[in-house]
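Here are a few exercises to work through with the structure in view. Try each task before you read its solution.

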Amino acid sequence: MSAALAVEGLSAGYGGDPVLTGVSFAAEAGSTVCVLGPNGGGKTTLFRALLGQLPHTEGDIRLQGHPAHVAQAAHARLDFPVSALDVALMGSLAGRWWLPARRSDRERARAAVERVGLAGLEHTPYGALSGGQRQRVLIARALVQDAQVLLLDEPLAGVDPASAETITALFADLRAEGRTLLVSSHDVEGARAFDSVLCLNRGQVAFGPPAEVLDARVLEATYGHELIVIPAGEGGRPVRAVAVQHHEH
Amino acid sequence: MIDFLTGPLESGIDRRALLEVVLLGLLCGPLSFWVRSFRLAYPSESLAHGLLPGLVLASLAGAPLIVGAAGGVAVAAVAVAIASRDRRIGSDTATAVVVSGAFGLGGLLALRPDAPARLEELLFGDPLGVSAADLAAAGALALAGGAALAVLHRPLTAVAFDAGGAGALGLRPGRVRLALLLVLATAVAVAVQGLGSLLVLAVLVAPAMAVGDRVRSPGRAMAAGAAVAVGAGVVGLYSSFHLGGAAGASVALALCAAAAGGAALGRLRRPAAPPPRAA
């Protein structure tokens, strides 16, 4: 398989000192990477650099096409009059934003909404959907972009079980299609289901298969005091860890 | 009844005034949806007040007011942009100082002993004073503004919904917002002839407030805003004609009455919070 994404010696920031340094990793087509790190550890900065929204001060990024990004549903406005289909249709904006949507664009958007399990809710206002449904609509918007690389910002955070199940199954389908998924998360245990794990704490702490990366030393270097590490048990049981999340109010 | 309706149409002055408020409504009604969505009411007011020196200078020079309005908007926008660059002051404070200063300068110029007595018209507008040339210029600018809104429709929708997500789609939210501000400046230049520097804000804010959240798409919100703005403009002119009030102020009052009515209706009809939806 070929590398869909390769990052070498990346440093990136917001104009001053870089807030993320020394990041090097690669992901093959059809693979999944879980990006772990504390709040402020550089996950969003990495995604913004991959999207080309931040100039990187050092290093190199090689990508297959322009990636699609799925932000957390909480960032979109609930009082704005758009339907689920309208939001999915925004995925067809790139390159021809000045023209009305074509019929083929609408068909792709409708198919994407159906694919995330929301058939019949195409015309429901976005703000009237549940949190999990809104997250699925944003994934549909990314599907319409038809990108080879998808960047997903905590897609399962605060999502109801039914939506989480749909999203997880969709990730498996996308992986089977040869798409590469980078998923930022605080779920250390959930990271074991990914092909690779990238641990960030203002710089790269570790990258590799979960079985090699997720040990007590790496997790403590990644999260510091924001992590409860449960040591390895008998019978080869792996080290377990729970990230302590801080919510802004 | 027939006389009531045809009375204002009998004179050329009133027919031009009607056409002027229809043009204003067709541009500013749809635009008001975006003013509300991007929370641009304060910048709109700032532009409208900051252009007063341009209006006064055009009036003193005998030039079309729309030329002075366009120049005044451009100078005010540049001055606000420069002043806002100082982060220690903050953009709101910088804007307030620049606009107050511009407004004061406009008043000083207009109140000189040798200046023609047109300050009242510049502040409160006079649709009845619109010439055929003014109307043609307003029509051309309204057409350009409407075309810009049509071209920008999808980016405006994406950015207003989720600016961060729109950036990831390849759009530049800052540039989209700047383009909207340019359309807004054009609309202010058009509308200030009829409604004046003080009342122009009514047509940029009131239609969207009258429509409220009763529509399900930006396109419908814009169409409803246009209908409200045109309707209120016509009602304002008719009431001015029959009651003998100032035309610009009557139009502004009709727009604000529509906004108040829409807001009250929204409160009456707003359903209880829906139950949580099953996934």
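**Exercise 1.** Keep in mind that this is a predicted model. Find how many salt bridges are counted between chain A and chain B, and work out which residues are involved.

*Solution.* Start with the count: one salt bridge links chain A and chain B. Next, look for the partners, and you'll land on A:R141 and B:D162. Then ask which helices of chain A touch chain B. Helix 2, helix 4 (131–145) and helix 5 (161–176) of chain A each bring at least two residues to that side. Helix 4 of chain A gives the most, with five residues.

**Exercise 2.** Describe the size of the contact between chain A and chain B.

*Solution.* Begin with residues: chain A puts in 40 and chain B puts in 26. Then turn to area. The size of an interface is often given as the accessible area lost when the parts come together. Here, about 2500 Å² is buried between chain A and chain B, and carbon and sulfur atoms give 60% of that. Last, see who loses the most area on the chain A side: A:R77, A:F80 and A:P81, together 24% of what that side buries.

**Exercise 3.** Two residues, A:E154 and B:R39, have a positive phi without being glycine. Place each one and decide: buried or exposed?

*Solution.* Take A:E154, where phi is about 45°. A:E154 lies in the loop between strand 6 (149–153) and helix 5 of chain A. Its relative accessible area is 12%, and buried means under 20%, so A:E154 is buried. Now B:R39, with phi near 55°. You'll find B:R39 in the loop between helix 2 (12–37) and helix 3 (41–50) of chain B. B:R39 has 61% relative accessibility, and the cut-off for exposed is over 50%, so B:R39 is exposed.

**Exercise 4.** Identify which residues make the nonpolar surface patch of about 350 Å², then take a look at A:L99.

*Solution.* The patch is made by A:W97, A:W98, A:L99 and B:V151. Pick out A:L99: it belongs to the loop between helix 2 (84–89) and helix 3 (103–115) of chain A. Its relative accessibility is 33%, which lies between the 20% and 50% cut-offs, so A:L99 counts as partly exposed.

Notes. Residues numbered from 1 in each chain as written. Chains lettered and ligands numbered in written order. Predicted model: local features only at pLDDT ≥ 70, side-chain atom pairs only at ≥ 80, totals over all residues. Heavy atoms only, no water. Patch = residues over 30% accessible without salt bridge, like charges linked within 9 Å, V, L, I, M, F, W, Y side chains within 5 Å. Areas by Shrake-Rupley, 256 points an atom, 1.4 Å probe, with all protein chains shown as cover. Salt bridge = Lys/Arg side-chain N within 4 Å of Asp/Glu carboxyl O. Helix = DSSP H or I, 4+ residues; strand = E, 2+ residues; numbered from the N terminus. Buried < 20%, exposed > 50% of the residue type's maximum accessible area, 1.4 Å probe, protein only. Contact = heavy atoms within 4.5 Å. Buried area = accessible area lost by both parts, 1.4 Å probe.
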